[in-house]
Amino acid sequence: LQFGERDPLIPANHVAAQRRAFAAAEVHVYAAGHGFNCGERADFDEAASALALKRTLAFLDRHAR
């Protein structure tokens with residue numbers, strides 16, 4: 001699970017609830033807004049997006065076999 005810490009649509013208490021509900025899940029929070037991974041949005045954050053992609057690909061590599 002990947003979230004932006006400045007996301008007004010998914011507040012920190014919702015992220016905390018996800019952590020509790022899915023204790024085994026990998027949860028990453030980036031210093032970014034809601035659309036940090038979309039190059040068409042004002043909240044796009046290139047560094048956060050690149051790190052999220054790296055983490056996603058590593059997750060898939062570990063679990064898609």
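Tyr 30 and Phe 36 are both buried, a term that stands for under 20% relative accessible area, with exposed meaning over 50% and partly exposed the range in between (1.4 Å probe, protein chains only). A search of the whole structure finds one aromatic pair, and Tyr 30 and Phe 36 form that pair, tilted, with 5.0 Å from centre to centre and 35° between the planes. Rings of Phe, Tyr and Trp (its six-membered ring) are paired if their centres lie within 6.5 Å, and planes under 30 degrees apart count as stacked, over 60 as edge-to-face and the rest as tilted.

The model is predicted, so that local features need pLDDT of at least 70 and side-chain atom pairs count only at pLDDT 80 or more, while totals for chains, interfaces and linings use all residues. Residues are numbered from 1 along each chain as its sequence is written, and side-chain values use heavy atoms, with hydrogens and water left out.

The protein has two helices and two strands, which run β-α-β-α from the N terminus on; helices (H or I, at least four residues) and strands (E, at least two) are DSSP runs, numbered from the N terminus. Of its 65 residues, 22% count as buried.

His 28 lies in strand E2 (residues 28–30) and counts as buried because its relative accessibility is 18%. Its side chain is joined to that of Arg 55 by a polar contact of 3.2 Å, that is, a pair of N or O atoms within 3.5 Å, of which, within protein, one must be able to donate a hydrogen and the other to accept it, residues adjacent in sequence counting only if both atoms are side-chain atoms. Apart from neighbours within four places in sequence, His 28 is in contact (heavy atoms within 4.5 Å) with Leu 1, Gln 2, Phe 3 and Arg 55.

Side chains of opposite charge can pair when their charged atoms come close. The whole structure holds one salt bridge, defined as a side-chain nitrogen of Lys or Arg within 4 Å of a carboxyl oxygen of Asp or Glu. Arg 62 forms a salt bridge with Glu 26, the closest N and O atoms being 2.3 Å apart. This pair links distant parts of the chain, since Arg 62 is in helix H2 and Glu 26 in the loop between helix H1 (12–21) and E2, 36 residues apart. Arg 62 counts as partly exposed because its relative accessibility is 47%, and Glu 26 likewise counts as partly exposed, at 30%.
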